[in-house]
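Subject: Structure handover

Hello,

Here is the structure I promised to pass on. My notes follow below it.

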Amino acid sequence: MRSLWAIGLAVLLTGGAQATLTDVTLENGMRVIVKEDRRAPVMVSQVWYRAGSIDEFNGTTGVAHVLEHMMFKGTKAVPPGEFSKRIAAAGGRENAFTSRDYTAYFQQMQKDRLELSMQLEADRMAHLVISDELFAKEIQVVMEERRLRTDDQAQSVVYERLMATAYQTHPYRRPIIGWMDDLQNMTAQDARDWYARWYGPNNATLVVAGDVQADAVVALAKQYFGALPARALPERKPQAEPEQIGTKRIVVKAPAQLPYLLMAWHAPTLRDWARDSEPYALQILAGVLSGNDSARLQKRLVKTQQIAVNASAGYDAVTRGPGMFMIDATPAQGKSVAELEKAIRTEIARVQREGISEAELTRVKAQVIAADVYQRDSLFYQAMQLGDYVIAGLPPEALERRVEKLRAVTVAEVQAAAKKWLQDERLSVAELDPQPLQAKLRAAAVPGVRHAN
Amino acid sequence: MRIEAKEMRGMMIRMVFACLLLGLPLAAQAALAIQHWQTPQGARVYFVESHELPMLDVAVDFRAGSARDPAGKSGLARLTHGLLDQGAGGLSDTAIAHRLADVGAVLSGRLDRDRAGVTLRTLSSAAEKDKALDLLALVLQRPDFPQAVVKRETQRLIASIREDEADPGAVAGKAFYRALYGSHPYANDESGDPAALARLARGDLQAFYRRHYSASNAVISLMGDISRAEAEAIATRLASGLPRAAPVPALPKPVPAAVSDARIAHPSTQSHVRFGVVGVARNDPDFFPLFVGNYVLGGGGFDSRLMREVRDKRGYAYSAYSYFMPMREAGPFQLGLQTKLEQTDDALNVARDTLRQFIAEGPTEAELTQAKSNLSGGFPLRIDSNRKILDYLAMIGFYNLPLDYLDTWVDQVNAVDVAAVKQAFARTINPDALVTVVVGAGRAR
C-alpha cells in the first residue's frame, strides 16, 4: 500500500498493442489466448484459475493461496520439488501468484521450451498429490509469509483491517493470505477440497505470449490439456455488498514510527466495457489526483501545504467483485491524521465543486498513451493484463480498446464521477495510531513466555 | 517467492534483484551490438540501437553514491540526488513534473552506495522526445536546490528513515552493513542519518553536486529508437553542460570484518537474520565461480540448498537466500531469512551449517550442471526488453567491464567447475568469521 497509484497504474498501463491475438476455447472448456510478439526469442506461459480468495469460505480463509504453494509439491508422475527443478534445468523462471480473483502459475523460457511447461502444468492440473506431511511443513511457511508481509508491516495491517470493515458481507473482506487462526487450523483436506472444487480445465485460461506460432500453441494445448475432463463447477453466489449507509472509522494500534491514513470509497468497476463510462472517469480521476510527481495530492498536500510526506490515490477498474477508490497518506511531522484527512477532503470537494482543468485531463491522457507504448516492452506484463481482463469476465477487446475509451473521457465526466462516488456515505477510514517500538518489547521479553503460534 | 498480485510484490522483486546484480549476463549467442564512445567532455557512452518500439530509454550514472558522503554528512549524496528534479534552470518542481507528464515521459532516479543515476523513458516521436531530453538536460546540468525545497525534502527523507525503523527487515539490512564495514564508507546507509541530514545546508548540496556530477565522472547509456548520429548528439549535449571537476578518487579498500553477533530488540513477530562477510569487488577474477556456485547455495530460489533446508524441509521461513553483491570495492556476501521468534536459533544454525558444508565440500557435479543449465539456458530472458538491456549497459559502463564481457558470458558460466567453486568460496568466505545480525526477539544480548 505504499503507493496506491501503482495499483491504478497497473490498470492504466494496459493497452492495445496491435500484435496478433488468438482466443479459442477447447472442447473441455479451457480457454487459450495467444499473443504473438517476436521481439526476443522467448515466451511466457501462464495458467490462470478463476479461483481466488473471493471464492473462499469463513474458517478456511487463505486456502486458495495455500493450494498455490501445494501445487509445487508433486504429482504421481512428478515427485515433490521436481516441477521447479525441471523448469530450472531448461533455463526457465517460474512462480505463481494468488489474488482476490484468481490463482495463476507461470513459466518464462526460451521459445522452444513451451512444451515442457504445458506438460507439467497439465499434469498438476489433474494429478496433484497433497500429502499430510508436506502440507504440515508448507502451512508453516505460509504462516511465516503472513508474519513477514502483514503482521510485521503496520500499513499492511491497516489495509487488511480496513477491507474487513469496508466490506461487511462480500468476500473481499477477507485477506488473501488468510486469517492467522484459519491458517493454524487448516488441514491438508481443506487444500484437497479446494483443488477438487476449482482445478479443472473449464475453470482455467492459458495465456501464452512471445515468439510463438499461435497454431502451434493451440495444438500443444489440445495435446496436453485437451484430454483432461471438465469438472462440474459449484454455483458462485454474487454475495453483493449491501449499500453502505454511513461513514465507518477504525483505529489500528501497531508498532510504528509514523501515523498513516487510508480512505476507501465503494466504487463501480467495468462490467459492460463498451457502455460503462464511470470506471474510465475514475481512472482518470486517480491520475489527476496522483498520477505524476506534481499531481493534485502531491502538489497541494506534500509540496505546498506540506501537511503530508506522501499521498496517493488508486483505483482498479478490472475485478470480479466490487470496486474501491482509495487514497492513502502519511502526515508530515507535527501534523495530525485529522488535519491530513481534512486537507484530503478539501481536495476532493474542490474536484466535486470545480471539476478538473482541460490541461490536467490532457496530461493524464498523454501519460496513458505513452504508457500504452511502454508496456509493450514487457512480455510478462502483456500476458498478465490479458489474464486479468479475462478473469474479470471482460473480453480481450476491452483491453485493446481501453486507451480509446480513456481518451474519450471528458472533464464533466470526471467531475460527475467524483461527485457521485466520493461520498461520505460510502467512505471507510482507517487510521494507524503508532505504538512505541519499545513498549511491546517489554511484554515480549518476559522470560518463559512462548507464543502459541 | 509466491507473490500475491496487486497487493504484494516484494519478494519476487528481491529474488530478481539478487539475480540481476550477480548475473549481468548479456549477449553471447544473441548478438547485442553495443556501441561505445566518449564524448568530448569525457563521458563514456554505451548505446544499443533498436527500432522495434517507438521509444527511447536513457540513463546517466555518476560515481556519486552514498559512499561519497563526507564525514558527518551521511545522507548528503541521497539528498543531492533527490533534489535534482525538484527545481532546475528556474523551473519549479511542479513545472518540471507537469512538463514531463505532458509528453508522457517518465523520469526516475536510483541511488546506491556506489552510484547515483537518473533514467528517462520517453516516446521517440520528435516532439515528445525533444521536450523530454530538454528536461533531462536541465535537471542534470542546472539543478537549483531551492532553499525551501531542500528543507521540505530533508524532512521527507527523515520521515522515511524513521518509518523504516519500524520495519525489521530494513533495520537488519542497515545493521548488517554497519557491522560488516565498520569505518569504511560502505557502512552507512544510502538514506543517511537523520541527525546529519538535519544539519545539512543548501551549500552542502551545491558543493556535492559540483564535485561529483561531472562529465568525466558520468556514464551515459542509451537504448532504443534513435540512430547512432542522434545518440552521439544527445550524449554530447547531456555531457556538455555538466560541472567541470577533477576525477573522483577511488574509495578505500574494505578490510575483512572480525566475527560478531548482534541481537537487536524489535517488537516484530519474526526475527530477521542476516549474516555474511565482506565479499568481492565487481572486477574480481573469482566472480563467475562465486556467481555460479551461489546459485547452488542460495541464489537459485527453489533450486538452491538454503531454500531446501530452511523452507522445504523444515518450514522455517518463507524466504531464505544468499547473494554476493559485487560493488566498486568489495561488496557483501550475505545470507538472509526471516522466522518466528522462538525458532530463530534453530533456523540460524541450519543456515550456518548449510553454508559451512557448502564451503567444505562444494557443490556436487549434478548441482553444478543444474546451475549452469539454468543460467546459460535462461540467458535470453535477461536481455528480452529495452529496460533490461539499458540496465546492463549502465552496469557495464559504470563498472568498466570489457565490451566483450557480454559475448563471453555464457562461456564463462559454462567454464566453471566444482574445483573452481570450492576454491573461490574458500578464498572468499571464512565460515568462522561471520558477521551476524538478528533483529527481533525481546532482549538485546
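**Between chain B and chain A**

The interface of chain B and chain A holds 31 residue pairs in polar contact, both residues at pLDDT 80 or more. A polar contact here is a pair of N or O atoms within 3.5 Å; within protein, one must be able to donate a hydrogen and the other to accept it, and residues adjacent in sequence count only if both atoms are side-chain atoms. On the side of chain B that touches chain A, 28 residues are nonpolar, 25 polar and 27 charged.

Before you read on, some ground rules. This is a predicted model, where local features need pLDDT of at least 70, side-chain atom pairs count only at pLDDT 80 or more, and totals for chains, interfaces and linings use all residues. Residues are numbered from 1 along each chain as its sequence is written, chains are lettered from A and ligands numbered from 1 in the order in which they are written, and side-chain values use heavy atoms, with hydrogens and water left out.

In total, 80 residues of chain B contact 85 residues of chain A (heavy atoms within 4.5 Å). About 7,200 Å² is buried between these chains, and carbon and sulfur atoms give 54% of it. Buried area is the accessible area (1.4 Å probe) that two parts lose on being put together, summed over both. There are 4 salt bridges between chain B and chain A. A salt bridge needs a side-chain nitrogen of Lys or Arg within 4 Å of a carboxyl oxygen of Asp or Glu. Asp102(B) forms a salt bridge with Arg363(A), with the closest N and O atoms 2.8 Å apart.

**Inside chain B**

Chain B is assigned domain 1 (10-240) and domain 2 (260-440); the bounds come from an automatic or database domain assignment. Domain 1 gives 57 residues to the contact and domain 2 gives 59. Their centres, taken over C-alpha atoms, are 26 Å apart. The two domains of chain B bury about 5,200 Å² between them, 71% of it on carbon and sulfur atoms.

Which polar links cross this interface? The rule finds 2 salt bridges between the domains of chain B. Asp391(B) forms a salt bridge with Arg110(B), the closest N and O atoms being 3.2 Å apart. The side of domain 1 of chain B that touches domain 2 has 37 nonpolar, 8 polar and 12 charged residues.

Best wishes

Key:
Ala, Val, Leu, Ile, Met, Phe, Trp, Tyr, Cys and Pro count as nonpolar, Asp, Glu, Lys and Arg as charged, and the others, Gly among them, as polar.
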